[in-house]
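Subject: Structure handover

Hello,

Here is the structure I promised to pass on. Please open it alongside this note; my findings follow below.

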Amino acid sequence: MNIYSRPWGTLSSGETATLYTLVNDNGMTVEITDFGGTIISIKTADRNGKMTDVVLGYDSVADYENADGYLGALVGRVGNRIGGASFELDGETYALYANDGNNTLHGGLKSYSYVIWKAEPAVTEAGATLTLTHFSPDGDEGFPGNLKIKVTYVLNNDNALSIRYEAATDKATPVNLTNHAYFNMGGNASGTVFGQVLWLDAESYVAGDKELIPVAIKAVDGTPFDFREAKAIGRDFFADCEDLHLAGGYDHCFNFTNWKDCKSGGEVKLRAVACDPVTGRKMEMYTNQPCVQFYSANFLKNPNFPLRGGLHQTTQTGFCLETQSMPDSIHHQGDEGFTNGVLRPGEIYDYTTVYKFSAE
């Protein structure tokens with residue numbers, strides 16, 4: 001096990017980004033930069049032992065600073081959408097930046113995806129470890145409360161990459177931290193993910209309006225959103241389904257079976273499995289979060305920012321499994337059908353997601 005670092009370019013602010021490479025004893029590598037806490041690369045073996053990068057990304061830190069899509073980045077203070085770019089909490093109204101039509105997406109204008117995090121690399125008993133910390137002051141992007149955040153990445157010899165999110169506040173505030181990696185189990189240059197197979201332990205999903213703001217929670221039974229029996233991502237992608245049409249594909253929060261039992265610091269359970277029949281690569285996802293945003297890269301089509309190696313951005317060439325609470329939860333406080341998106345003083349936000357890789 002080891003972890004290496006090197007300078008990785010200069011931002012428009014004049015700050016220098018650093019790239020960290022985590023290596024395990026099997027030769028698996030994970031590259032993460034302190035700019036946005038972004039996962040740049042995950043190289044893992046197929047059934048024949050061939051190492052290939054299974055996440056989408058860019059060639060330079062400048063592209064990560066200027067492009068859209070949040071490829072591989074940590075997102076917050078609130079990942080996903082807040083309707084109307086404002087909310088009321090404890091009698092006060094907070095105005096946010098509308099960066100997604102009328103709404104706030106992934107934290108606002110300059111979210112955690114676009115800051116340099118303080119990084120501490122180490123090799124521990126757990127594995128090659130990168131601990132990132134960030135202080136988000138009261139009023140940052142319009143959110144209340146001073147928020148202290150720690151995100152710990154660990155790569156171990158079981159080929160598992162764990163991400164632990166911890167946060168504490170001195171004033172009630174919405175918090176929903178996640179990572180926005182785009183996976184392609186066939187390799188980042190292998191084309192669409194339609195033939196890749198996905199299983200999700202999810203009994204319901206959050207249906208949205210044309211701006212993808214929640215309007216209802218629906219059972220997955222009898223819909224293209226039922227992945228409780230593993231199926232190809234593309235099998236029902238073009239089904240005659242209004243919820244799919246509104247989002248341009250899958251861009252929905254899936255609510256895990258018995259999601260109400262999930263809690264901060266709780267048990268981490270197997271909730272998703274994705275595999276590529278061609279290469280044999282498999283990724284198991286474990287988490288103690290109540291939900292996951294399954295996104296099929298419906299907006300990955302910016303011609304101005306080619307992906308790593310000069311590849312053109314093309315929709316559905318990756319998928320995201322962003323563990324989190326439900327979108328727009330702040331507007332459903334007290335609603336038994338929704339997650340609680342508010343962190344209060346004295347409480348600890350402590351959620352972990354593990355992506356474990358293998359081949360068969």
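This is a predicted model, in which local features need pLDDT of at least 70, side-chain atom pairs count only at pLDDT 80 or more, and totals for chains, interfaces and linings use all residues. Residues are numbered from 1 along each chain as its sequence is written, and side-chain values use heavy atoms, with hydrogens and water left out.

**The sheet**

Start with the open sheet. Five strands form it, in the order β1-β2-β3-β4-β5, with antiparallel pairing. The edge strands are β1 and β5 (51-53), and each pairs on one side only. Neighbouring strands are turned by 20° against each other on average, direction ignored. (Axes are lines fitted to C-alpha atoms, for helices over the stretch in contact; angles run from 0 to 180 degrees between N-to-C directions.) Helices (H or I, at least four residues) and strands (E, at least two) are DSSP runs, numbered from the N terminus. Two strands pair if DSSP finds at least two bridges between them. In general, strands of a sheet pair through backbone hydrogen bonds, either parallel or antiparallel.

Now strand by strand:

- β1 (residues 2-10) and β2 run antiparallel and are joined by seven bridges. Ser5 stands opposite Tyr20 in β2. The two strands form a hairpin with five residues between them, and Gly14 in the turn has a positive phi of about 95°.
- β2 and β3 (residues 29-33) are also antiparallel, with five bridges. Leu22 has Val30 in β3 as its bridge partner, and Val23 has Thr29. This hairpin has five residues between the strands, and Gly27 takes a positive phi near 90°.
- β3 and β4 pair in the antiparallel sense over five bridges. The partner of Thr29 in β4 is Lys43. Four residues lie between these strands in their hairpin, where Gly36 in the turn has a positive phi of about 75°.
- β4 and β5 run antiparallel, joined by three bridges. Thr44 has Thr52 in β5 as its bridge partner. Five residues separate the strands of this hairpin, and Gly49 in the turn has a positive phi of about 85°.

How enclosed is β2? Seven of the eight residues of β2 (residues 16-23) are buried, so the strand is largely enclosed by the rest of the structure. Buried means under 20% relative accessible area, exposed over 50%, and partly exposed in between (1.4 Å probe, protein chains only). Strand β4 (residues 38-45) is mostly covered, with six of its eight residues buried.

**The pockets**

The largest pocket has a volume of about 530 Å³. It is lined by 28 residues, and Gly69, Tyr70, Leu105, Tyr295 and Phe299 lie nearest its centre. α2 (242-247) and β24 (291-295) each supply at least two lining residues. By class, the lining has twelve nonpolar, eight polar and eight charged residues.

The second largest pocket has a volume of about 330 Å³. It is lined by 19 residues, with Ser264, Asn340, Gly341, Val342 and Tyr351 nearest its centre. β26 (342-343) and β27 (349-359) are the elements that give two or more residues to this lining. By class, the count is nine nonpolar, seven polar and three charged.

The terms are as follows. On a 1 Å grid over the protein atoms alone, a pocket is an open set of points with protein on both sides within 12 Å along at least five of seven lines, and lining residues have an atom within 4 Å of a point. Grid points are joined across faces, edges and corners, and a volume is the space filled by probe spheres set on the points. Ala, Val, Leu, Ile, Met, Phe, Trp, Tyr, Cys and Pro count as nonpolar, Asp, Glu, Lys and Arg as charged, and the others, Gly among them, as polar.

**Loop residues**

Phe305 is in the loop between β24 and β25 (320-324). Phe305 is buried, with a relative accessible area of 16%. Leaving aside neighbours within four places in sequence, Phe305 is in contact (heavy atoms within 4.5 Å) with Tyr58, Asp63, Asn66, Ala67 and Gln313.

A cis peptide bond joins Gly76 and Arg77, with omega about 15°. Asn80 is in the loop between β6 and β7. Asn80 is not a glycine, yet has a positive phi of about 70°. Asn80 is buried, at 3% relative accessible area.

Best wishes

Conventions:
On a 1 Å grid over the protein atoms alone, a cavity is a set of points where a 1.4 Å probe fits but cannot get out, and a pocket is an open set with protein on both sides within 12 Å along at least five of seven lines; lining residues have an atom within 4 Å of a point.
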